[in-house]
Amino acid sequence: MQFEVWAPLTGRVAMRLDDTAYEMTPDPGPDRQGWWTVEAPARDGDRYGFQLGDDPVLRPDPRGRRLPDGPAGLSAVVDLELLAPDAPTAPAPRTPLQDAVLYELHIGTFTPEGTFDAAAARLPHLSSLGVTHVELMPVCPFPGRHGWGYDGVAPWAVHEPYGGPAGLARFVEAAHAAGLGVVLDVVHNHLGPWGNHLPAFGPYFTDTHHTPWGAAVNLDAPGSDEVRAYLIGSALAWLRDYRIDGLRLDAVHALADGRALTFLEELAAAVDALAVESARPLFLIAESDQCDPRLTTARPAGGLGLHAQWNDDFHHALHCALTGESQGYYADFAEAPLGALAKTLTRAFFHDGTWSSFRGRTHGRPVDRRRTPAHRFLGYTQTHDQIGNRALGDRLSASLSPGLLACAATVALTGPFVPMLFMGEEWGAGTPWQYFTDHPDPELAEAVRTGRRREFAAHGWKAEEVPDPQDPATRDRSCLDWSEPGQQPHARLLDWYRTLVALRRAQPDLRDPDLAAVRVAHDEERRWVTFRRGDVRVAVNLSPEPVTIALGRNGVRVLAAWEPLAHPGPDGRIHLPGESAVVLGP
(Lines give C-alpha, C1' and ligand atoms only; values in the text may rest on other atoms or scores of the structure.)
Protein backbone atom coordinates (compact mmCIF):
# COMPACT_ATOMS: atom_id res chain seq x y z
CA MET A 1 0.00 0.00 0.00
CA GLN A 2 1.31 3.47 -0.85
CA PHE A 3 1.30 6.16 1.83
CA GLU A 4 1.88 9.80 0.94
CA VAL A 5 1.84 13.13 2.73
CA TRP A 6 2.43 16.76 1.79
CA ALA A 7 5.04 18.17 4.16
CA PRO A 8 7.01 20.93 2.41
CA LEU A 9 8.41 22.46 5.61
CA THR A 10 10.74 19.62 6.55
CA GLY A 11 13.71 17.77 5.09
CA ARG A 12 12.75 14.38 6.52
CA VAL A 13 9.53 12.42 7.04
CA ALA A 14 9.20 8.99 8.60
CA MET A 15 6.06 6.89 8.89
CA ARG A 16 5.38 4.53 11.76
CA LEU A 17 2.91 1.74 10.92
CA ASP A 18 2.00 -0.16 14.08
CA ASP A 19 5.49 -0.90 15.49
CA THR A 20 7.50 -0.51 12.30
CA ALA A 21 9.19 2.69 11.11
CA TYR A 22 9.59 3.54 7.40
CA GLU A 23 11.66 6.36 5.95
CA MET A 24 9.73 8.24 3.30
CA THR A 25 11.29 9.66 0.12
CA PRO A 26 10.48 12.86 -1.76
CA ASP A 27 8.17 12.36 -4.71
CA PRO A 28 10.15 13.11 -7.90
CA GLY A 29 7.11 14.28 -9.86
CA PRO A 30 7.47 17.81 -11.31
CA ASP A 31 4.17 18.93 -9.78
CA ARG A 32 4.70 17.05 -6.50
CA GLN A 33 7.02 19.36 -4.65
CA GLY A 34 6.81 18.80 -0.90
CA TRP A 35 5.23 15.34 -1.24
CA TRP A 36 6.71 12.29 0.50
CA THR A 37 5.84 8.66 -0.29
CA VAL A 38 6.53 5.15 0.91
CA GLU A 39 5.25 1.64 0.19
CA ALA A 40 4.35 -0.53 3.18
CA PRO A 41 2.16 -3.59 3.81
CA ALA A 42 -1.01 -2.52 5.60
CA ARG A 43 -4.48 -3.77 6.39
CA ASP A 44 -7.73 -2.15 7.37
CA GLY A 45 -7.47 -0.86 10.93
CA ASP A 46 -3.67 -0.64 11.14
CA ARG A 47 -2.56 2.45 13.08
CA TYR A 48 -0.05 4.83 11.55
CA GLY A 49 1.34 8.33 11.83
CA PHE A 50 4.08 10.62 10.54
CA GLN A 51 7.21 11.98 12.20
CA LEU A 52 8.42 15.31 10.77
CA GLY A 53 12.14 16.04 10.85
CA ASP A 54 13.64 15.53 14.31
CA ASP A 55 10.35 16.19 16.09
CA PRO A 56 9.59 13.02 18.08
CA VAL A 57 5.83 13.68 17.97
CA LEU A 58 3.94 11.16 15.85
CA ARG A 59 1.14 12.94 14.03
CA PRO A 60 -1.97 11.61 12.28
CA ASP A 61 -2.31 11.71 8.50
CA PRO A 62 -3.93 14.98 7.32
CA ARG A 63 -5.80 12.86 4.75
CA GLY A 64 -6.48 10.02 7.13
CA ARG A 65 -9.98 8.54 6.92
CA ARG A 66 -10.19 7.38 10.52
CA LEU A 67 -9.01 8.58 13.95
CA PRO A 68 -10.09 5.73 16.24
CA ASP A 69 -8.70 7.49 19.34
CA GLY A 70 -9.86 10.96 18.40
CA PRO A 71 -7.89 14.02 17.24
CA ALA A 72 -5.08 13.33 19.72
CA GLY A 73 -4.44 9.82 18.40
CA LEU A 74 -3.01 8.19 15.31
CA SER A 75 -4.74 7.49 12.02
CA ALA A 76 -6.04 4.07 11.05
CA VAL A 77 -6.00 2.54 7.57
CA VAL A 78 -9.47 2.38 5.98
CA ASP A 79 -10.10 -0.08 3.16
CA LEU A 80 -12.83 1.68 1.24
CA GLU A 81 -14.00 -1.58 -0.29
CA LEU A 82 -14.86 -2.88 3.19
CA LEU A 83 -17.12 0.02 4.17
CA ALA A 84 -20.57 -1.29 5.08
CA PRO A 85 -19.84 -4.72 3.57
CA ASP A 86 -23.17 -6.20 4.70
CA ALA A 87 -25.32 -3.35 3.35
CA PRO A 88 -26.93 -3.87 -0.05
CA THR A 89 -26.02 -1.14 -2.49
CA ALA A 90 -29.21 0.86 -2.93
CA PRO A 91 -29.46 3.25 -5.87
CA ALA A 92 -29.01 6.85 -4.82
CA PRO A 93 -32.23 8.88 -5.11
CA ARG A 94 -32.24 11.30 -8.01
CA THR A 95 -34.56 13.98 -6.60
CA PRO A 96 -33.43 17.39 -7.96
CA LEU A 97 -33.21 20.41 -5.68
CA GLN A 98 -36.31 21.90 -7.25
CA ASP A 99 -38.38 19.03 -5.85
CA ALA A 100 -36.49 18.58 -2.59
CA VAL A 101 -37.48 18.98 1.06
CA LEU A 102 -34.43 18.83 3.35
CA TYR A 103 -34.22 17.79 7.00
CA GLU A 104 -31.28 19.08 9.07
CA LEU A 105 -30.15 16.48 11.57
CA HIS A 106 -27.44 16.29 14.25
CA ILE A 107 -26.29 12.70 14.73
CA GLY A 108 -25.28 13.24 18.36
CA THR A 109 -28.72 14.42 19.53
CA PHE A 110 -31.16 12.95 17.01
CA THR A 111 -31.26 9.95 19.34
CA PRO A 112 -30.04 9.46 22.93
CA GLU A 113 -27.45 6.96 21.64
CA GLY A 114 -25.99 9.59 19.32
CA THR A 115 -24.74 7.21 16.61
CA PHE A 116 -25.21 6.68 12.88
CA ASP A 117 -26.86 3.32 13.48
CA ALA A 118 -29.35 4.73 15.99
CA ALA A 119 -30.19 7.55 13.58
CA ALA A 120 -30.65 5.06 10.74
CA ALA A 121 -33.23 3.21 12.83
CA ARG A 122 -35.33 6.42 12.83
CA LEU A 123 -35.26 6.89 9.05
CA PRO A 124 -38.78 5.41 8.62
CA HIS A 125 -40.06 8.48 10.47
CA LEU A 126 -38.46 10.73 7.85
CA SER A 127 -39.79 8.63 5.00
CA SER A 128 -43.33 8.91 6.37
CA LEU A 129 -42.84 12.65 6.84
CA GLY A 130 -42.13 12.90 3.12
CA VAL A 131 -38.78 14.72 3.15
CA THR A 132 -36.37 13.87 0.35
CA HIS A 133 -32.93 14.53 1.85
CA VAL A 134 -31.28 14.31 5.26
CA GLU A 135 -28.76 17.10 5.87
CA LEU A 136 -26.21 15.89 8.42
CA MET A 137 -24.41 18.43 10.56
CA PRO A 138 -20.59 17.99 10.48
CA VAL A 139 -19.28 14.50 11.22
CA CYS A 140 -15.52 15.09 11.12
CA PRO A 141 -13.59 14.27 14.34
CA PHE A 142 -13.75 16.90 17.07
CA PRO A 143 -12.64 16.98 20.73
CA GLY A 144 -14.45 14.67 23.13
CA ARG A 145 -17.59 12.69 22.43
CA HIS A 146 -20.30 15.32 22.07
CA GLY A 147 -20.33 18.64 20.22
CA TRP A 148 -21.95 20.48 17.34
CA GLY A 149 -19.14 19.37 15.00
CA TYR A 150 -17.87 22.77 13.90
CA ASP A 151 -14.64 22.31 15.88
CA GLY A 152 -13.53 19.48 13.61
CA VAL A 153 -9.83 19.10 12.84
CA ALA A 154 -9.64 16.29 10.27
CA PRO A 155 -11.66 17.09 7.12
CA TRP A 156 -11.17 13.62 5.59
CA ALA A 157 -12.15 11.56 8.66
CA VAL A 158 -15.35 10.61 10.50
CA HIS A 159 -16.04 11.13 14.22
CA GLU A 160 -15.41 7.76 15.89
CA PRO A 161 -18.09 8.02 18.63
CA TYR A 162 -20.72 8.39 15.91
CA GLY A 163 -19.59 5.11 14.33
CA GLY A 164 -16.58 6.12 12.24
CA PRO A 165 -16.34 5.65 8.48
CA ALA A 166 -18.16 2.30 8.47
CA GLY A 167 -21.04 3.81 10.47
CA LEU A 168 -21.39 6.69 8.03
CA ALA A 169 -21.36 4.31 5.08
CA ARG A 170 -24.09 2.21 6.69
CA PHE A 171 -26.18 5.31 7.34
CA VAL A 172 -25.92 6.49 3.73
CA GLU A 173 -26.86 3.05 2.45
CA ALA A 174 -29.85 2.92 4.82
CA ALA A 175 -30.96 6.39 3.75
CA HIS A 176 -30.73 5.49 0.07
CA ALA A 177 -32.65 2.28 0.70
CA ALA A 178 -35.36 4.42 2.33
CA GLY A 179 -35.46 6.68 -0.74
CA LEU A 180 -33.65 9.54 1.00
CA GLY A 181 -30.67 11.50 -0.26
CA VAL A 182 -27.91 12.58 2.13
CA VAL A 183 -26.33 16.03 2.34
CA LEU A 184 -23.28 16.59 4.55
CA ASP A 185 -22.33 19.86 6.26
CA VAL A 186 -18.60 20.52 5.75
CA VAL A 187 -16.43 23.25 7.26
CA HIS A 188 -13.68 24.81 5.11
CA ASN A 189 -13.39 28.22 6.75
CA HIS A 190 -11.54 27.09 9.90
CA LEU A 191 -10.45 24.11 11.96
CA GLY A 192 -10.95 23.57 15.68
CA PRO A 193 -8.40 24.85 18.20
CA TRP A 194 -7.58 21.45 19.76
CA GLY A 195 -5.95 18.52 17.97
CA ASN A 196 -5.14 20.49 14.82
CA HIS A 197 -1.83 19.15 13.47
CA LEU A 198 -1.98 20.74 10.02
CA PRO A 199 0.34 23.73 10.74
CA ALA A 200 3.18 21.28 11.43
CA PHE A 201 2.84 19.77 7.96
CA GLY A 202 2.64 22.85 5.77
CA PRO A 203 1.20 26.34 5.16
CA TYR A 204 -2.41 25.31 5.63
CA PHE A 205 -3.09 28.64 7.37
CA THR A 206 -1.97 32.18 6.66
CA ASP A 207 -1.61 35.38 8.66
CA THR A 208 -2.40 37.34 5.50
CA HIS A 209 -6.04 37.27 6.61
CA HIS A 210 -7.66 36.96 10.01
CA THR A 211 -11.00 35.40 10.85
CA PRO A 212 -13.07 35.08 14.04
CA TRP A 213 -11.15 31.83 14.61
CA GLY A 214 -7.66 33.31 14.13
CA ALA A 215 -5.37 32.80 11.12
CA ALA A 216 -7.30 32.09 7.93
CA VAL A 217 -7.24 28.86 5.97
CA ASN A 218 -4.70 29.48 3.21
CA LEU A 219 -6.66 29.85 -0.02
CA ASP A 220 -4.57 32.55 -1.71
CA ALA A 221 -1.08 32.79 -0.15
CA PRO A 222 2.01 30.75 -1.13
CA GLY A 223 1.23 27.05 -0.90
CA SER A 224 -2.49 27.61 -1.39
CA ASP A 225 -2.68 25.38 -4.49
CA GLU A 226 -2.07 22.34 -2.31
CA VAL A 227 -4.39 23.57 0.44
CA ARG A 228 -7.19 23.99 -2.08
CA ALA A 229 -6.48 20.53 -3.47
CA TYR A 230 -6.64 19.17 0.09
CA LEU A 231 -10.10 20.65 0.73
CA ILE A 232 -11.51 19.86 -2.71
CA GLY A 233 -10.19 16.31 -2.45
CA SER A 234 -11.97 15.94 0.88
CA ALA A 235 -15.23 17.22 -0.59
CA LEU A 236 -15.03 14.84 -3.53
CA ALA A 237 -14.22 11.93 -1.23
CA TRP A 238 -17.50 12.37 0.68
CA LEU A 239 -19.43 12.40 -2.58
CA ARG A 240 -17.52 9.60 -4.31
CA ASP A 241 -16.49 7.18 -1.58
CA TYR A 242 -19.52 7.46 0.71
CA ARG A 243 -22.02 8.15 -2.10
CA ILE A 244 -23.25 11.30 -0.36
CA ASP A 245 -25.49 13.37 -2.62
CA GLY A 246 -24.60 16.96 -1.74
CA LEU A 247 -22.62 19.20 0.58
CA ARG A 248 -23.61 22.17 2.69
CA LEU A 249 -20.70 24.64 2.90
CA ASP A 250 -20.45 26.37 6.25
CA ALA A 251 -20.14 30.17 6.38
CA VAL A 252 -18.56 30.71 2.98
CA HIS A 253 -18.47 34.47 3.65
CA ALA A 254 -15.62 33.68 6.08
CA LEU A 255 -13.43 32.19 3.34
CA ALA A 256 -10.64 34.72 2.82
CA ASP A 257 -9.73 34.34 -0.84
CA GLY A 258 -8.29 37.04 -3.07
CA ARG A 259 -7.45 34.95 -6.12
CA ALA A 260 -9.09 35.53 -9.50
CA LEU A 261 -10.29 31.92 -9.62
CA THR A 262 -11.88 31.54 -6.22
CA PHE A 263 -11.84 28.36 -4.18
CA LEU A 264 -15.63 28.12 -4.32
CA GLU A 265 -15.66 28.31 -8.11
CA GLU A 266 -12.93 25.68 -8.33
CA LEU A 267 -14.83 23.43 -5.90
CA ALA A 268 -18.13 23.84 -7.79
CA ALA A 269 -16.46 22.94 -11.09
CA ALA A 270 -14.90 19.81 -9.56
CA VAL A 271 -18.26 18.69 -8.10
CA ASP A 272 -20.03 19.30 -11.41
CA ALA A 273 -17.39 17.19 -13.17
CA LEU A 274 -17.88 14.36 -10.65
CA ALA A 275 -21.65 14.57 -11.16
CA VAL A 276 -21.16 14.01 -14.88
CA GLU A 277 -18.65 11.23 -14.32
CA SER A 278 -20.87 9.40 -11.82
CA ALA A 279 -24.19 10.23 -13.53
CA ARG A 280 -25.60 11.50 -10.24
CA PRO A 281 -27.21 14.90 -9.48
CA LEU A 282 -24.67 16.22 -6.94
CA PHE A 283 -25.05 19.70 -5.49
CA LEU A 284 -23.46 22.31 -3.22
CA ILE A 285 -25.47 24.48 -0.82
CA ALA A 286 -23.75 27.53 0.66
CA GLU A 287 -24.33 29.29 3.94
CA SER A 288 -23.60 32.98 3.50
CA ASP A 289 -24.68 36.20 5.20
CA GLN A 290 -23.72 38.40 2.24
CA CYS A 291 -27.04 38.26 0.33
CA ASP A 292 -25.07 37.83 -2.87
CA PRO A 293 -26.80 36.06 -5.78
CA ARG A 294 -23.46 35.62 -7.55
CA LEU A 295 -22.83 32.59 -5.34
CA THR A 296 -25.45 30.63 -7.25
CA THR A 297 -25.19 32.34 -10.62
CA ALA A 298 -23.86 30.04 -13.32
CA ARG A 299 -20.13 30.29 -13.98
CA PRO A 300 -20.54 31.19 -17.69
CA ALA A 301 -22.65 34.14 -16.51
CA GLY A 302 -19.94 35.35 -14.15
CA GLY A 303 -21.08 33.60 -10.97
CA LEU A 304 -19.47 30.94 -8.81
CA GLY A 305 -21.81 28.17 -9.88
CA LEU A 306 -22.95 26.82 -6.51
CA HIS A 307 -26.35 25.21 -6.67
CA ALA A 308 -28.22 26.86 -3.77
CA GLN A 309 -27.73 28.98 -0.67
CA TRP A 310 -29.45 29.35 2.70
CA ASN A 311 -31.76 32.38 2.83
CA ASP A 312 -31.50 33.84 6.32
CA ASP A 313 -33.46 36.93 5.27
CA PHE A 314 -36.56 34.78 4.76
CA HIS A 315 -36.03 33.21 8.17
CA HIS A 316 -35.50 36.55 9.93
CA ALA A 317 -38.60 38.14 8.41
CA LEU A 318 -40.79 35.16 9.29
CA HIS A 319 -39.31 34.92 12.79
CA CYS A 320 -40.04 38.58 13.50
CA ALA A 321 -43.59 38.23 12.19
CA LEU A 322 -44.17 35.23 14.45
CA THR A 323 -42.43 36.39 17.63
CA GLY A 324 -42.22 40.19 17.55
CA GLU A 325 -38.52 39.97 18.47
CA SER A 326 -36.39 42.93 17.43
CA GLN A 327 -32.96 42.42 19.01
CA GLY A 328 -29.72 42.14 17.06
CA TYR A 329 -30.07 41.44 13.36
CA TYR A 330 -33.84 41.08 13.77
CA ALA A 331 -34.01 44.88 14.11
CA ASP A 332 -33.80 45.29 10.33
CA PHE A 333 -36.96 43.19 9.87
CA ALA A 334 -38.99 44.11 12.95
CA GLU A 335 -40.45 47.45 11.89
CA ALA A 336 -42.73 45.87 9.27
CA PRO A 337 -42.12 42.11 9.43
CA LEU A 338 -44.93 41.07 7.09
CA GLY A 339 -43.73 43.57 4.53
CA ALA A 340 -40.25 42.12 4.90
CA LEU A 341 -41.67 38.62 4.50
CA ALA A 342 -43.56 39.66 1.38
CA LYS A 343 -40.36 41.04 -0.12
CA THR A 344 -38.39 37.87 0.55
CA LEU A 345 -41.18 35.70 -0.93
CA THR A 346 -40.97 37.62 -4.20
CA ARG A 347 -37.35 38.81 -4.35
CA ALA A 348 -35.52 36.28 -2.14
CA PHE A 349 -33.38 38.81 -0.25
CA PHE A 350 -34.72 41.56 1.98
CA HIS A 351 -31.26 43.13 1.94
CA ASP A 352 -30.67 43.70 -1.76
CA GLY A 353 -28.67 46.90 -1.48
CA THR A 354 -30.86 48.34 1.27
CA TRP A 355 -29.80 49.98 4.51
CA SER A 356 -29.06 47.64 7.42
CA SER A 357 -29.30 49.30 10.82
CA PHE A 358 -27.65 46.23 12.36
CA ARG A 359 -24.58 46.63 10.15
CA GLY A 360 -24.64 50.40 9.91
CA ARG A 361 -24.37 50.28 6.11
CA THR A 362 -26.15 49.13 2.99
CA HIS A 363 -26.12 45.40 2.46
CA GLY A 364 -26.80 42.79 -0.21
CA ARG A 365 -27.38 42.72 -3.94
CA PRO A 366 -30.61 42.31 -5.95
CA VAL A 367 -31.57 38.90 -7.32
CA ASP A 368 -32.23 38.86 -11.05
CA ARG A 369 -35.54 37.01 -11.03
CA ARG A 370 -35.45 36.49 -14.80
CA ARG A 371 -32.50 34.12 -14.59
CA THR A 372 -32.51 32.97 -10.94
CA PRO A 373 -34.89 30.12 -10.11
CA ALA A 374 -36.40 29.98 -6.64
CA HIS A 375 -34.69 26.67 -5.91
CA ARG A 376 -31.38 28.52 -5.69
CA PHE A 377 -32.50 29.38 -2.14
CA LEU A 378 -33.43 27.35 0.92
CA GLY A 379 -36.27 28.56 3.15
CA TYR A 380 -36.70 27.51 6.78
CA THR A 381 -38.32 28.51 10.06
CA GLN A 382 -35.59 27.09 12.29
CA THR A 383 -31.98 25.85 11.96
CA HIS A 384 -29.28 24.67 14.33
CA ASP A 385 -27.84 28.21 14.37
CA GLN A 386 -31.10 30.06 14.92
CA ILE A 387 -31.99 27.81 17.87
CA GLY A 388 -28.64 26.87 19.37
CA ASN A 389 -27.18 30.37 19.29
CA ARG A 390 -29.94 31.61 21.58
CA ALA A 391 -28.98 31.75 25.26
CA LEU A 392 -31.26 28.86 26.24
CA GLY A 393 -31.40 27.07 22.89
CA ASP A 394 -35.17 27.50 22.90
CA ARG A 395 -37.15 26.45 19.85
CA LEU A 396 -40.16 28.32 18.46
CA SER A 397 -42.31 25.69 20.19
CA ALA A 398 -41.19 27.06 23.57
CA SER A 399 -43.05 30.33 23.01
CA LEU A 400 -45.55 29.90 20.15
CA SER A 401 -48.93 28.21 20.05
CA PRO A 402 -49.44 25.10 17.90
CA GLY A 403 -51.45 27.31 15.55
CA LEU A 404 -48.56 29.71 14.98
CA LEU A 405 -46.20 26.79 14.50
CA ALA A 406 -48.59 25.52 11.85
CA CYS A 407 -48.58 28.96 10.21
CA ALA A 408 -44.78 28.98 10.11
CA ALA A 409 -44.70 25.54 8.54
CA THR A 410 -47.28 26.58 5.95
CA VAL A 411 -45.23 29.55 4.75
CA ALA A 412 -42.00 27.53 4.53
CA LEU A 413 -43.47 24.42 2.91
CA THR A 414 -45.67 26.16 0.35
CA GLY A 415 -43.35 29.10 -0.32
CA PRO A 416 -41.09 29.40 -3.37
CA PHE A 417 -37.84 28.20 -1.78
CA VAL A 418 -36.54 24.68 -1.20
CA PRO A 419 -37.88 23.92 2.29
CA MET A 420 -35.60 22.73 5.07
CA LEU A 421 -36.74 21.51 8.49
CA PHE A 422 -34.68 21.22 11.65
CA MET A 423 -35.02 17.90 13.44
CA GLY A 424 -38.02 17.77 15.74
CA GLU A 425 -39.71 20.90 14.48
CA GLU A 426 -42.25 18.75 12.63
CA TRP A 427 -43.86 17.82 15.93
CA GLY A 428 -43.04 21.01 17.85
CA ALA A 429 -40.38 19.30 19.96
CA GLY A 430 -40.44 20.33 23.60
CA THR A 431 -36.72 19.75 23.98
CA PRO A 432 -34.30 22.66 23.51
CA TRP A 433 -31.24 22.48 21.30
CA GLN A 434 -28.44 24.07 23.25
CA TYR A 435 -24.78 24.80 22.66
CA PHE A 436 -22.68 21.95 24.08
CA THR A 437 -19.01 20.94 23.94
CA ASP A 438 -16.76 18.25 25.39
CA HIS A 439 -13.31 19.82 25.30
CA PRO A 440 -10.71 17.68 27.14
CA ASP A 441 -8.42 20.72 27.55
CA PRO A 442 -9.47 22.37 30.86
CA GLU A 443 -8.28 25.83 29.80
CA LEU A 444 -10.15 25.68 26.50
CA ALA A 445 -13.25 24.33 28.25
CA GLU A 446 -13.23 27.22 30.71
CA ALA A 447 -12.63 29.76 27.94
CA VAL A 448 -15.67 28.46 26.04
CA ARG A 449 -17.80 28.46 29.20
CA THR A 450 -16.89 31.99 30.31
CA GLY A 451 -16.96 33.36 26.77
CA ARG A 452 -20.51 32.19 26.17
CA ARG A 453 -21.73 33.56 29.48
CA ARG A 454 -19.98 36.87 28.82
CA GLU A 455 -21.62 37.08 25.40
CA PHE A 456 -25.13 36.72 26.80
CA ALA A 457 -24.44 38.87 29.86
CA ALA A 458 -24.29 41.77 27.42
CA HIS A 459 -27.94 40.98 26.59
CA GLY A 460 -29.08 40.87 30.21
CA TRP A 461 -28.67 37.18 31.01
CA LYS A 462 -27.27 36.12 34.38
CA ALA A 463 -24.32 33.73 34.22
CA GLU A 464 -26.16 30.95 36.03
CA GLU A 465 -29.04 31.15 33.54
CA VAL A 466 -26.83 30.30 30.55
CA PRO A 467 -26.33 26.52 30.26
CA ASP A 468 -22.77 25.29 30.78
CA PRO A 469 -21.62 23.92 27.40
CA GLN A 470 -19.30 21.44 29.15
CA ASP A 471 -22.00 19.97 31.40
CA PRO A 472 -23.09 16.60 29.93
CA ALA A 473 -26.66 17.49 30.93
CA THR A 474 -26.64 20.29 28.34
CA ARG A 475 -26.21 17.76 25.55
CA ASP A 476 -28.67 15.36 27.14
CA ARG A 477 -31.37 18.05 27.31
CA SER A 478 -30.86 18.64 23.60
CA CYS A 479 -31.68 15.07 22.55
CA LEU A 480 -35.05 14.58 20.91
CA ASP A 481 -37.78 12.92 22.98
CA TRP A 482 -39.20 10.28 20.66
CA SER A 483 -42.26 9.74 22.84
CA GLU A 484 -43.58 13.18 21.85
CA PRO A 485 -44.68 12.49 18.24
CA GLY A 486 -47.39 10.13 19.52
CA GLN A 487 -48.76 12.63 22.02
CA GLN A 488 -50.92 15.73 21.60
CA PRO A 489 -50.48 18.48 20.61
CA HIS A 490 -47.35 17.14 18.87
CA ALA A 491 -49.19 14.50 16.84
CA ARG A 492 -51.55 17.05 15.31
CA LEU A 493 -48.68 19.30 14.22
CA LEU A 494 -46.80 16.31 12.78
CA ASP A 495 -49.86 15.39 10.74
CA TRP A 496 -50.00 18.97 9.43
CA TYR A 497 -46.36 18.81 8.34
CA ARG A 498 -47.03 15.55 6.52
CA THR A 499 -50.03 17.12 4.81
CA LEU A 500 -48.04 20.13 3.65
CA VAL A 501 -45.12 18.05 2.37
CA ALA A 502 -47.55 15.84 0.45
CA LEU A 503 -49.25 18.91 -1.02
CA ARG A 504 -45.91 20.28 -2.18
CA ARG A 505 -45.22 17.00 -3.92
CA ALA A 506 -48.72 16.77 -5.45
CA GLN A 507 -49.08 20.40 -6.61
CA PRO A 508 -46.59 21.37 -9.35
CA ASP A 509 -47.36 25.06 -8.77
CA LEU A 510 -45.77 24.79 -5.31
CA ARG A 511 -42.50 23.81 -6.97
CA ASP A 512 -42.63 26.45 -9.70
CA PRO A 513 -39.15 28.07 -9.82
CA ASP A 514 -40.43 31.41 -11.17
CA LEU A 515 -39.93 33.98 -8.39
CA ALA A 516 -41.45 36.71 -10.54
CA ALA A 517 -44.74 34.80 -10.67
CA VAL A 518 -45.25 34.85 -6.89
CA ARG A 519 -47.95 37.33 -5.81
CA VAL A 520 -48.24 38.47 -2.18
CA ALA A 521 -50.73 40.58 -0.22
CA HIS A 522 -50.54 41.34 3.49
CA ASP A 523 -52.03 43.47 6.26
CA GLU A 524 -49.39 44.50 8.77
CA GLU A 525 -51.91 45.73 11.34
CA ARG A 526 -54.29 42.78 11.16
CA ARG A 527 -51.35 40.35 10.82
CA TRP A 528 -52.35 38.27 7.84
CA VAL A 529 -50.52 37.41 4.63
CA THR A 530 -51.60 35.63 1.46
CA PHE A 531 -49.58 34.54 -1.52
CA ARG A 532 -50.28 32.92 -4.85
CA ARG A 533 -48.25 30.17 -6.50
CA GLY A 534 -49.85 29.57 -9.88
CA ASP A 535 -53.37 28.33 -9.17
CA VAL A 536 -52.61 27.65 -5.50
CA ARG A 537 -53.46 30.25 -2.85
CA VAL A 538 -52.05 30.28 0.67
CA ALA A 539 -53.49 32.37 3.50
CA VAL A 540 -51.97 32.70 6.97
CA ASN A 541 -53.45 34.55 9.96
CA LEU A 542 -50.92 35.29 12.69
CA SER A 543 -53.43 37.24 14.78
CA PRO A 544 -55.39 35.55 17.59
CA GLU A 545 -58.52 37.13 16.09
CA PRO A 546 -60.35 35.76 13.03
CA VAL A 547 -60.03 37.69 9.79
CA THR A 548 -61.88 37.84 6.49
CA ILE A 549 -59.63 37.90 3.43
CA ALA A 550 -60.74 38.59 -0.14
CA LEU A 551 -59.07 36.09 -2.46
CA GLY A 552 -60.96 37.12 -5.60
CA ARG A 553 -63.51 35.21 -7.65
CA ASN A 554 -61.27 32.37 -8.69
CA GLY A 555 -63.20 29.23 -7.81
CA VAL A 556 -60.58 27.83 -5.42
CA ARG A 557 -61.43 25.26 -2.79
CA VAL A 558 -59.78 24.29 0.49
CA LEU A 559 -57.01 21.73 -0.04
CA ALA A 560 -55.80 21.76 3.58
CA ALA A 561 -56.62 23.86 6.63
CA TRP A 562 -55.23 23.94 10.17
CA GLU A 563 -58.72 24.60 11.56
CA PRO A 564 -61.98 23.33 10.01
CA LEU A 565 -62.84 25.79 7.27
CA ALA A 566 -65.58 26.24 4.70
CA HIS A 567 -64.71 26.78 1.06
CA PRO A 568 -64.71 30.42 -0.07
CA GLY A 569 -68.11 31.76 -1.06
CA PRO A 570 -69.06 33.14 -4.47
CA ASP A 571 -67.57 36.48 -3.43
CA GLY A 572 -64.14 34.89 -3.05
CA ARG A 573 -63.87 35.74 0.65
CA ILE A 574 -62.53 33.34 3.21
CA HIS A 575 -63.07 33.57 6.96
CA LEU A 576 -59.86 32.45 8.60
CA PRO A 577 -59.74 31.68 12.35
CA GLY A 578 -57.02 33.17 14.52
CA GLU A 579 -53.53 31.66 14.39
CA SER A 580 -54.33 29.36 11.51
CA ALA A 581 -53.49 28.73 7.87
CA VAL A 582 -55.16 27.38 4.75
CA VAL A 583 -53.99 26.17 1.35
CA LEU A 584 -56.49 26.47 -1.51
CA GLY A 585 -56.48 25.28 -5.09
CA PRO A 586 -58.77 24.79 -8.07
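Which residues are linked with Asp 185 in a network of salt bridges?

**View 1. A network of salt bridges joins four residues of the predicted model.** Asp 185 is linked with Arg 248, Asp 250 and Glu 287 in this network. Across the chain, the count of salt bridges comes to 30. Side chains of opposite charge can pair when their charged atoms come close.

**View 2. Arg 12 and Glu 23 meet through their side chains in a salt bridge.** The N to O distance in this pair is 2.8 Å. Arg 12 belongs to the loop between strand S1 (2–6) and strand S2 (13–17), whereas Glu 23 belongs to strand S3 (residues 20–23), and the two residues are 11 residues apart. Arg 12 has a relative accessible area of 29% and is therefore partly exposed, and Glu 23, at 47% relative accessibility, also counts as partly exposed.

**View 3. A salt bridge connects Asp 117 with Arg 170.** The closest N and O atoms of this pair are 3.0 Å apart. Because Asp 117 lies in helix H2 (residues 116–120) and Arg 170 in helix H4 (residues 164–177), the pair ties together parts that are 53 residues apart in sequence. Asp 117 is partly exposed, with a relative accessible area of 41%, and Arg 170 counts as partly exposed at 34%.

**View 4. Arg 243 and Glu 173 form a salt bridge between buried residues.** The N to O distance here is 2.8 Å, and both Arg 243 and Glu 173 are buried. Glu 173 sits in helix H4, while Arg 243 sits in the loop between helix H6 (224–241) and strand S14 (246–249), so that the pair links distant parts of the chain, 70 residues apart.

Terms used
Residues are numbered from 1 along each chain as its sequence is written. This is a predicted model: local features need pLDDT of at least 70, side-chain atom pairs count only at pLDDT 80 or more; totals for chains, interfaces and linings use all residues. Side-chain values use heavy atoms; hydrogens and water are left out. Helices (H or I, at least four residues) and strands (E, at least two) are DSSP runs, numbered from the N terminus. Buried means under 20% relative accessible area, exposed over 50%, partly exposed in between (1.4 Å probe, protein chains only).
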